[in-house]
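We will go from the whole chain down to single residues.

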Amino acid sequence: LVMSREGERWRRWLNEEEVVERWNEPGGRGEELRARAQRHVMHHVTFAQQVALVQAAQVLLTCNGAQASAMLLAPVGCTVINLYPARWTDQGFGLLQRLAMEAIGVRYWQVEVDGEEVVASAELS
């Protein structure tokens with residue numbers, strides 16, 4: 001599940017559609033993990049639909065922010081990939097997210113992005 005921020009002013013990813021296409025292409029990560037990327041603009045669906053989408057996800061890809069709190073609804077065994085802006089300074093919050101994900105049996109990846117470049121990536125659980 002790709003939690004899109006399309007139409008938002010902050011924490012948008014400029015190549016979101018390209019990421020989804022590359023994930024789903026033959027030989028891409030989606031094929032390897034047997035999980036097709038489905039992109040949803042979360043503010044265009046109801047809360048009940050958001051809950052259902054997150055609970056059905058095998059992989060949840062989101063930009064850090066309020067919508068990322070939906071990761072608390074992720075099913076056991078899900079992998080959460082949370083994108084952060086480069087030079088993000090509130091590392092304590094990332095630690096709390098990691099601990100919460102560990103407690104519910106979810107793998108958590110925190111990825112620091114600067115423009116179109118991944119600066120740092122760490123599996124935190």
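This tour moves stop by stop, with something to select at each one.

**Before you start**

This is a predicted model, in which local features need pLDDT of at least 70 and side-chain atom pairs count only at pLDDT 80 or more, while totals for chains, interfaces and linings use all residues. Residues are numbered from 1 along each chain as its sequence is written, and side-chain values use heavy atoms, with hydrogens and water left out.

**Stop 1: the whole chain**

Select everything and switch to cartoon view. The chain has four helices and six strands. Helices here are DSSP runs of H or I with at least four residues, strands are runs of E with at least two, and both are numbered from the N terminus.

Now show the surface. The accessible surface comes to about 7,700 Å². Carbon and sulfur atoms hold 54% of that surface. Such areas come from the Shrake-Rupley method with a 1.4 Å probe; for residues, only the protein chains shown count as cover.

How much of the chain is buried? Buried residues make up 38% of the 125 residues. Buried means under 20% relative accessible area, exposed means over 50%, and partly exposed is in between (1.4 Å probe, protein chains only).

Contacts come next. A contact means heavy atoms within 4.5 Å. Take the contacts with a separation of 6 or more: 48% of them join residues 24 or more positions apart.

**Stop 2: the largest nonpolar core**

Select Leu1, Val54, Leu60, Met71 and Val80. These residues touch the most other members of the largest nonpolar core, which has 17 residues. The elements that give two or more residues to this core are α3 (47–55) and β4 (79–85). A nonpolar core is a set of buried Ala, Val, Leu, Ile, Met, Phe, Trp, Tyr and Cys residues joined through side-chain atoms within 4.5 Å.

Apart from this core lies another, of eleven residues, including Trp13, Trp23, Ala37 and Val59.

Go back to Leu1 and zoom in. Leaving aside neighbours within four places in sequence, Leu1 is in contact with residues including Gln38, His40, Val54 and Leu60.

**Stop 3**

Select Ala37. This residue sits in the loop between α2 (29–33) and β2 (39–41). Ala37 is buried because its relative accessible area is 14%. Beyond neighbours within four places in sequence, Ala37 is in contact with Val2, Val20, Trp23 and Asn24. Draw a distance from Ala37 to Asn24: they are 13 residues apart in sequence and 6.3 Å apart in space, C-alpha to C-alpha.

**Stop 4**

Glu16 is found in helix α1. Is Glu16 buried or exposed? Glu16 counts as buried because its relative accessibility is 6%. Twelve residues separate Glu16 from Ser4 along the chain, and their C-alpha atoms are 7.7 Å apart.

Jump to Thr62 in strand β3. Thr62 is buried because its relative accessibility is 0%. Show what Thr62 touches beyond four places in sequence: Met3, Gln67, Ala68, Ile81, Asn82 and Leu83.

**Stop 5**

Val106 is in the loop between α4 (91–103) and β5. Val106 is buried, with a relative accessible area of 3%. Its C-alpha atom is 7.1 Å from that of Pro75, 31 residues apart along the chain.

Move on to Trp109, in strand β5 (residues 107–114). At 26% relative accessibility, Trp109 counts as partly exposed. Trp109 and Ile81 are 28 residues apart in sequence, yet 4.7 Å apart in space, C-alpha to C-alpha.

**Last stop: the cysteines**

Select Cys63 and Cys78. Cys63 is buried at 6% relative accessibility, and Cys78 is buried at 1%. How many disulfides does the whole structure hold? The search finds zero, where a disulfide is a pair of cysteine sulfur atoms within 2.5 Å.
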